[in-house]
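Colleague: Please take a close look at one loop of this model, then follow its neighbouring element into the rest of the fold. Give the cut-offs as you go.

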Amino acid sequence: MVISPLATQTIISPNKSLRTAIIDGVAVHCMAANATVRAVGNRFLLPSTQASSNYGIGSSGEIGCYVGEEYRSWCTSSRAEDNHIITVEVANDGGAPQWHVSDMAMRSLIRLLVDVCRRNKIKKLVWSSKKSDRVNHRNGCNMFVHRDYANKACPGDYLYSLHPYIAQEVNKMLGVTDVGRFVYKGTDFSPVFDPAFYAARNPDLSVFGGDADLLFTHFWQYGMNERRQAKENFNVIIYRMNYTDLNTAFGDNWFSYYWHYCVCGKNENRIAA
Ligand SMILES: [Zn+2]
């Protein structure tokens, strides 16, 4: 049976069918109760519930498996969708309509989804706020929600609203770089920021141990004002010297030169190295 190594409990449900499609997506559900992995597993043991999920996560972060991944769980009110996704039931430490989820459960959910994606060769999670994108699998959308297929609140407003965050965190851990990881105040600074280059060029930042997110936080908090170089093709001092229009507009506001390059200069093929 194919079970994530992160699952510490295994309570195998009879409510399942053989899977006939490749796993390429996920559906995060809410238990609508602050139930333990064991309690939900016991419910799924009963054939009369006609329900199951591949995994369950409790509020203390424990992960259980109810249906091995080679089987289709009976979870999302759509055989067609359940057939190609991994389903996860998450416990709620708050009630309707938010159905809040604990931070520990959220962390376990993200870890589990990363593991599921890695083992099943899912390159990244793609969410859309539009139902039509989700149910039609448009633009690579591979995150599905129960409320699209049944008159249900599942996964609750809290988890629903955090789907962009879940996708972002999972994709970060998968090493996906095109998810706006280096965004500050709505601007993508990746044209002027490369964490590996930044760490190599600035040995005093070795305290961050190469952590890309910590390096980026340092970059926007201090690095730009300190005129530090964080990408091979962008030296802020050269950029300022090359363009009198920018020098007139920005003066000693060094942050603005980095920002300008990201939002305009790069597209205008301006030179900064
Ligand atoms: Zn559900």
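**One loop and its setting**

Modeller: Lys121 lies in the loop between H3 and helix H4 (131-135), where helices (H or I, at least four residues) and strands (E, at least two) are DSSP runs numbered from the N terminus. The model is predicted: local features need pLDDT of at least 70, side-chain atom pairs count only at pLDDT 80 or more, and totals for chains, interfaces and linings use all residues. Residue numbers start from 1 along each chain as its sequence is written.

Lys121 is not a glycine, yet its phi is positive, near 60 degrees. With 9 other C-beta atoms within 10 Å, Lys121 is exposed; the cut-off for exposed is 12 or fewer such atoms, for buried 20 or more, and for partly exposed the range in between, with C-beta atoms placed from the backbone. Gln50 is another non-glycine residue with a positive phi, of about 50 degrees. Gln50 belongs to the loop between H1 and S4 and is exposed, also having 9 other C-beta atoms within 10 Å.

Leaving out residues up to four places away in sequence, Val26 touches Ile85, Ile86, Val88, Leu113, Val116, Leu125 and Met143; contact here takes C-beta atoms, placed from the backbone, within 7 Å.

The strands form an open sheet of six in the order S1-S5-S4-S7-S3-S8, with mixed pairing, and two strands pair if DSSP finds at least two bridges between them. S1 and strand S8 (143-144) are at the edges with a single partner strand each, so one side of each has no neighbour in the sheet. S1 runs parallel to strand S5 (residues 63-65), joined by two bridges, and Gln9 stands opposite Gly64 in S5.

At the other end of H3, the loop between S7 and H3 holds Pro97, and the peptide bond from Ala96 to Pro97 is cis, with omega near -5 degrees.

How values were computed:
Two residues are in contact if their C-beta atoms, placed from the backbone, lie within 7 Å.
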